[in-house]
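Keep the model open while you read.

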Amino acid sequence: MAVSIAMPLLSPTMTEGTIARWNKKEGDAVKSGDALAEVETDKATLDVEAYDEGTLLKIVVPAGGKVAVGAPIAIVGKPGEDFAALLTAAPTAPAPAPAPAPAAPAPAPAAARGQTVQTPAAASPATRQVPPQPVKPLTAPTRMIQAAAPARPATNGFSEPAARVRSSPLARRMARDSGLELRGISGSGPGGRVVKRDVEELLARGGPAAPGVAPAMGDELIPLSNMRRVIAQRLVEAKRNVPHFYLTVEIDMERAMALRTELKEGGSGITVNDLIVRACALALVRVPQANRSFTEDGMLQHHASDVGVAVALEDGLITPVVRSAEQKTVSQISAEVKTLAERARNRKLLPEEYTGGSMAVSNLGMYGVDEFIAVINPPQSCILAVGAVAERPAAVAGKLEVRKRMSATLSCDHRAIDGATGAKLLAEIKALLEKPLALGF
């Protein structure tokens, strides 16, 4: 029996994926474990594997196409088999909901090593159960959906206002990609449902663009990448839902920079950021009350110092996490950060490499920025924004000296960290960096 291959959930924040490339073409044989295609998520490009065997009868979404999680991307079956019913009745699974389902279990202590609560994509009750794609494997297998499965209810992963308008999944996707508001479209389908032809007719008439996106003469409207779209959503949610407070100190980096220079002359590639990551890891051990994440079910106490490191990419940013950084030397952290950054720039990070943790470091010192304030990346509860190390006048033992100084601002989630706790954490970071031999190399 022909089956439909659905877009898998490949990361906790993924709501849709883009087919980067098909590794098979229509008519090719498919074996279990074959990498059918490469899918670009909001964070990485990952392989999609087949579970079952057969022939690739139809590629539903061509390379470059974007589709919601759970929507069909291809049909596999026996050569000559009729799969028309799958194309007309193929279900479209909704994207993951922004909040965990009420029945979702509370994070177990064993998962406190920085794992986020994952919201699985819903599956049609009449289809084979489709669990969320695992976070661990390098490649994510797909699931097959039975041809006889009925169409899904008209739920979807789009914005709530769009969901209140009766519309087909294809019409919703077309409207969203074209910047149209569904409520502004007259539906010609059953019961006033907005269907594909309604959107096409509106576009043919030069339909209205979404508010605020109409480019002026000479401007260029650049489509949002999956990563940029998710960054925008998550940062808005963080600023809106996480009560931030900020603490700033100036750190004397004279000894740290002298030590780094000495190590560099010895061939070491340790950076200032490596020292800061190690200092944060040790500070979290000394102030365990700060090594927490707020959840609706309770405070998640982390027992390891998993520290994220913000990495700028060409079209966004990502924060790979150095696990158990308190157990690693500065040299080990330096080597791991370099590897993670390289994998991030090649879009090869796995979800478990950039999720979880309780703290992150964002360093803009290399750009000459003196100081700035960073936005927390939930479920982390704080982030340290680091400016440039520069020579500044400072009072030392009652005398004015020129010292290498660095500003650091800690953004804290006030639901998880109180002001005094944040201050203790920042004081420990400062003390460790001003006495860098305590960091361990």
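D34 is buried, at 19% relative accessible area; buried means under 20%, exposed over 50%, and partly exposed in between, using a 1.4 Å probe and protein chains only. D34 pairs with K24 in a salt bridge, that is, a side-chain nitrogen of Lys or Arg within 4 Å of a carboxyl oxygen of Asp or Glu. D34 sits in the loop between β3 (29-30) and β4 (35-40), and K24 in the loop between β2 (16-22) and β3, ten residues apart. Helices (H or I, at least four residues) and strands (E, at least two) are DSSP runs, numbered from the N terminus.

A word on the ground rules: this is a predicted model, where local features need pLDDT of at least 70 and side-chain atom pairs count only at pLDDT 80 or more, while totals for chains, interfaces and linings use all residues. Residues are numbered from 1 along each chain as its sequence is written, and side-chain values use heavy atoms, with hydrogens and water left out.

The structure holds 19 salt bridges, including these:

| Pair | Closest N and O atoms |
|---|---|
| D34 and K24 | 3.3 Å |
| R347 and E40 | 3.9 Å |

Take the R347 and E40 pair. R347 lies in the loop between α8 (330-345) and α9 (351-354), and E40 in strand β4, so this bridge ties together parts 307 residues apart in sequence. R347 is buried at 12%, whereas E40, at 22%, counts as partly exposed.

E250 belongs to strand β11 (residues 244-252) and R392 to strand β20 (residues 390-396), so the bridge connects parts 142 residues apart in sequence. E250 is partly exposed at 28%, and R392 is buried at 14%. Both belong to a salt-bridge network that also takes in D252, D370, E401, R403 and R405.

Now for the helix pair. Helix α3 (residues 169-177) packs against helix α4 (residues 196-204) at about 25°, with the axes 8 Å apart; axes are lines fitted to C-alpha atoms, for helices over the stretch in contact, and angles run from 0 to 180 degrees between N-to-C directions. That makes the two roughly parallel, the label for angles under 35 degrees. L170, A171, M174 and A175 of α3 meet K196, V199 and E200 of α4, where contact means heavy atoms within 4.5 Å.

Zooming out, the chain has ten helices and 21 strands, and 47% of its 441 residues count as buried.

How values were computed. Angles under 35 degrees count as roughly parallel, over 145 as roughly antiparallel, 65 to 115 as roughly perpendicular and the rest as oblique.
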